[in-house]
Amino acid sequence: MPGSPDSPPPTSSSSAAAACSCSRPPRSRAGSAANAAPDLPVPVAVVARMANQAQFHPRRWLLHLAEGIERAGGVIVEGCRVTEVEGQGRTVVVGDQRVEANGVVIATHFPIPDRGGFFARLEPERDLVVSGPVDAAQAPHAAYLCTSESRSVRTVPDGNGGRRILVGGENYRTGTTSDVQSRYAALADFASTHFGVTDITHRWSAHDLVTPDGVPLVGPLLPGAQHLWVAAGFSLWGMTGGTAGGRLVADLILGRADEHWAALCDPGRLGLDQVPGVAKDNAVVARHLLGDIAAAALRDGSSSSLVPGESRVGRVGGRLVASYCDEVGQVHSVSAHCTHLGCVVAFNDAERSRDCPCHGSRFALDGSVLHGPATEPLQASTQDL
């Protein structure tokens, strides 16, 4: 999608924990492993080289956009959770307050409200990253993305004249595993084995929504909607896809959008090529919705035998309860049913969160919402367990 901001942000990073993303639609050129990836210390069968790439600092990029909004007279309000959009899309509900506007763009990652049935077309996926200092002699000189397994490698400046490496991967569907620590360990081992990294100083995770055809959903929330718009489903390419999506939705609102791009990203599209992906994802949801509830109902949910660091989901009386015992022995118990559509949440041992495998909602230990589509917290369990 053509176009770029009038004044691009700096392309070099000064932060020790900087995460960078590749940008610009590439010109592809095929090459052999021998001449295209000489600095990659892993077996390579085929390489597609993409020239004229750029790396940039995502936080500095976002601050640049925020400054542009404010210079144009816009106001940015933080720390407010939107829970609903009323009427024809002109009233936003924030707590007990309502904000009116001529139009609303739902860019909440997972759209709320979900009047377009987006939960059936967006697969929640988490992608992990570890980072640490790397010796210049072992540092790769390009960004690499492996297509046969979940790995990506790149380096960024450390702010002190050196380099640090970012190793990403170990993707998994949100809420389908509790042992996330071992996935971070696998990335750390990869960095150590292939690039000599001995000190992992930072780690983090990204939450992505993947569409059946890999193309974002950008446009009217519902066919014919004139005041309510959506931008979601960037399928692990949020820095570039989000920027392009922002430009498209702005052009749609102003009535100047390119018809080809508008049709390509139309949230209401559902071609035959998407049907297998939609069917597969919804089969997974059904399996979790029914199977996880049945399995949890057969387990004892009492927390009396929990040891520090242990979690449990099971039946207590007539309810399903999710409990976790923290490092000081305090037990945190909440309802095990996600407040979106009722699936059973799973414990994430790396982030100490409760994650839903159906549509990716995430909750803190106290039940508060970390990530939608859920907008209501998990109910605290006051029952003596």
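Analyst: Asp251 is partly exposed, its relative accessible area being 22%, where buried means under 20%, exposed over 50% and partly exposed in between, with a 1.4 Å probe and protein chains only. This is a predicted model, in which local features need pLDDT of at least 70 and side-chain atom pairs count only at pLDDT 80 or more, while totals for chains, interfaces and linings use all residues. Residues are numbered from 1 along each chain as its sequence is written, and side-chain values use heavy atoms, with hydrogens and water left out.

The partner of Asp251 is Arg256, and their side chains form a salt bridge at 2.7 Å, N to O, a term that requires a side-chain nitrogen of Lys or Arg within 4 Å of a carboxyl oxygen of Asp or Glu. Arg256 itself is exposed, at 57% relative accessibility.

By that rule the model holds 11 salt bridges. Another one of them joins Arg183 to Glu170 at 3.5 Å, N to O. Arg183 belongs to helix 3 (residues 181–195) and Glu170 to strand 12 (residues 163–173), so this pair ties together parts that are 13 residues apart in sequence; helices (H or I, at least four residues) and strands (E, at least two) are DSSP runs, numbered from the N terminus. Glu170 is buried at 16%, whereas Arg183 is partly exposed at 21%.

Arg352 and Glu327 also meet in a salt bridge, at 2.8 Å, N to O. These two link distant parts of the chain, 25 residues apart: Arg352 sits in the loop between strand 19 (346–348) and strand 20 (353–355), and Glu327 in the loop between strand 17 (319–325) and strand 18 (331–335).
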